[in-house]
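User: Could you walk me through this model before I set anything up with it? I'll ask as we go.
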Amino acid sequence: MNSWLIIGVLALYIVILFICAFYGEKHASRLSTRGRMLLFSLTLGVYCSSWTFYGATGAAVREGIIFLPIYLGPLLFVAVGYDIWRRLGRVRQHHAISSIADFMAARYGKSGPLASLVTILAVIAIIPYLALQLRAIALSATVILQQNTGLESTTNSVLFLTGIMAILAMIFGTRQIANTEQHGGLMLAVAFESFVKLFALLCVAIFFMFAEPANLGQISHDVAKTFKDVQLFGVPETFWVQTLLAALAIICLPRQFHVAVVELRDEKHIRGARRWFAIYLILTTLAIIPIASWALHAAPEYLAIPDVAVLSLPISYQQDWLTILAFLGGFSASTGMLLVSSVALSIMLSNDLIMPALWRFNLLSRHDKRMPLMLKFTRRVCILAVMLLGFLFFHFFNDIDQLSVFGLLAFSAVAQFAPALIGGLYWRGGSKQGVYAGLIVGFIMWAYTLLLPTILRSL
C-alpha cells in the first residue's frame, strides 16, 4: 500500500484528535447527564490497548481460549466490584485524590514517601506497557506497507509518532492545572479513539463472516473444537491467574484508575458505565473470534505474525479501505493508552516525587507565585520523559513479537497495588509498614521472576 496514503490518513486522524480535544475542553461540561455517562463509558475503553486489539488474536491463534481472560477479568470486576468502584469514587471526591499514589498515601497516614514509592514502582511497571503500544504501531506499519521499509525507517517513524502523542498529551493534559485533575478535552479524544477501535474491529470481523459462504461454518467449527478441547483438557493452568490480573488491572493500572476514578464526575455514572462498558468488552470479544478463525487457516504468506491478523485479513482479500480502517483502529488502541498513561504518570511524578523534592531542598516554596507555571512545566517534562522511556524500551527490545509478553508484565506488576488499595477501603487496621513490605517484596519477586527473564531472552 502507498506509504503517502497512510501518512495522509494518519495526519488527518491526528488532526481530528486535536479537534476532539479542543471541542471537548470547551463543551464537554455542557453535555447532558446521559451524554456524560456515555462519554465516561467510552473513556473506560482505553483499557482495550493494542494488546487487546492485536495481541488477543495472536493469543487465540497460539493458545486458544487463553485470549479470554483479558476480557473476562474486567467483566467480572464490573459485575461484582461495584462497591469497590463506588467507594473509590467517594474517597476521590471528598479528598481530591488525583492518582493511585495519592489515594494510597492518603489512606495510610498521608505518607509522602509511600506516594513516592508507588509512583516509582508504577513507572517501572508501565514502561514495558508503553513499549507494547509502540511495538504494535511498528508491527502494523511493517505489515500495511508490505515490509517495504527497513527497521531504521520504522523506528524513526515510531519516534516521530511518539513525539506527536507527547505533544498532544502535553497540550491537553496540562492545559489547566486544578485539584480535580479532570481533562474534558483529552477524555473526549480518548472516547473517540475507543469508538474507532471497536468499530474497526467489528468491521473486519463482520466482513470475514460474510465474505464467503463457508466462513460462518468454519468459525462455528473452530469455536466448537475449542470448547471440546476445554471439556477434554480443561482451561490452561494460567487461565484464572490471568483473569484475576485483568480484573485487578481495571483499578490498579494508573491509566484505568485515572479514567475510572479521577475522571468520575458523578457517582451515578458508574451504574450506566457498568452496562455500557460490559457491552463494549463483549463486542470486542465476539469480534476477535472470526478474526482468529481466519488466522488459524490463513496461508503462511499472509500471517507471519499472528498478532497482526486484524490487518492481514483485509490485506488477503485486497480490501484497501478495510485495511486502512483496521490500521486506524490499532493506532487508536495504542495512542489512547499512550495519552492517558503518560498524563496519569506525569501527575504522579510531579505531585508525589518532583515537587516534594523541590520543596524539601528549598528550591521552591509552596506559596511561590511561580508554582502553577512550575507545575505545568514539570508535568510536560514528565510526559516527554515517560514517552521517551517507553520508546527506549521498545527500541532495545524490538525483537519481542508476542505483544502479550509486555501486557502481562504490566498487569502482574500493578497487581501488587491491589492489597493495599482494596484493603484500604475495608480494613481500618492496615498499616503503612505492611504496605511498604508488601510492595517492596512483591516488586522484587516480579522483577526477578518476570522482568529479568524477559530482558535476558532479548539479549
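Analyst: One term to begin with: a contact means heavy atoms within 4.5 Å. Among contacts in the protein chain between residues at least 6 apart in sequence, 86% join residues at least 24 apart. This is a predicted model, in which local features need pLDDT of at least 70 and side-chain atom pairs count only at pLDDT 80 or more, while totals for chains, interfaces and linings use all residues. Residues are numbered from 1 along each chain as its sequence is written, and side-chain values use heavy atoms, with hydrogens and water left out.

User: How many helices and strands are there in the protein chain?
Analyst: The protein chain has 19 helices and zero strands, where helices (H or I, at least four residues) and strands (E, at least two) are DSSP runs numbered from the N terminus. Its radius of gyration, taken over C-alpha atoms, is 22 Å, close to the 23 Å of the globule rule (2.2 Å times the number of residues to the power 0.38) for 459 residues, so the chain is as compact as a globular protein of that length.

User: OK, and what is the mean pLDDT?
Analyst: The mean is 85, with 93% of residues reaching 70 or more; pLDDT is the predictor's confidence in each residue, from 0 to 100. Where pLDDT is low, the predicted coordinates should not be read in detail.

User: Switching to H183, is it buried or exposed?
Analyst: H183 has 4% relative accessibility and therefore counts as buried, which means under 20% relative accessible area, whereas exposed means over 50% and partly exposed lies in between (1.4 Å probe, protein chains only). Of the 459 residues of the chain, 56% count as buried.

User: Where is it, and what does H183 touch?
Analyst: H183 is in the loop between α8 and α9 (184–211). Leaving aside residues up to four places away in sequence, H183 touches F172, G173, H258, E263, V343 and I347. I347 is 164 residues from H183 along the chain, yet their C-alpha atoms are separated by 12 Å.

User: Which loop holds K110, and what about its phi?
Analyst: K110 lies in the loop between α6 (100–107) and α7 (112–144), and its phi is near 50°, a positive value in a residue other than glycine. At 73% relative accessibility, K110 counts as exposed.

User: And what is phi for Q318?
Analyst: Phi of Q318 is near 55°, again positive in a residue other than glycine. Q318 sits in the loop between α14 (309–316) and α15 (320–360), and it is exposed, with a relative accessible area of 69%.
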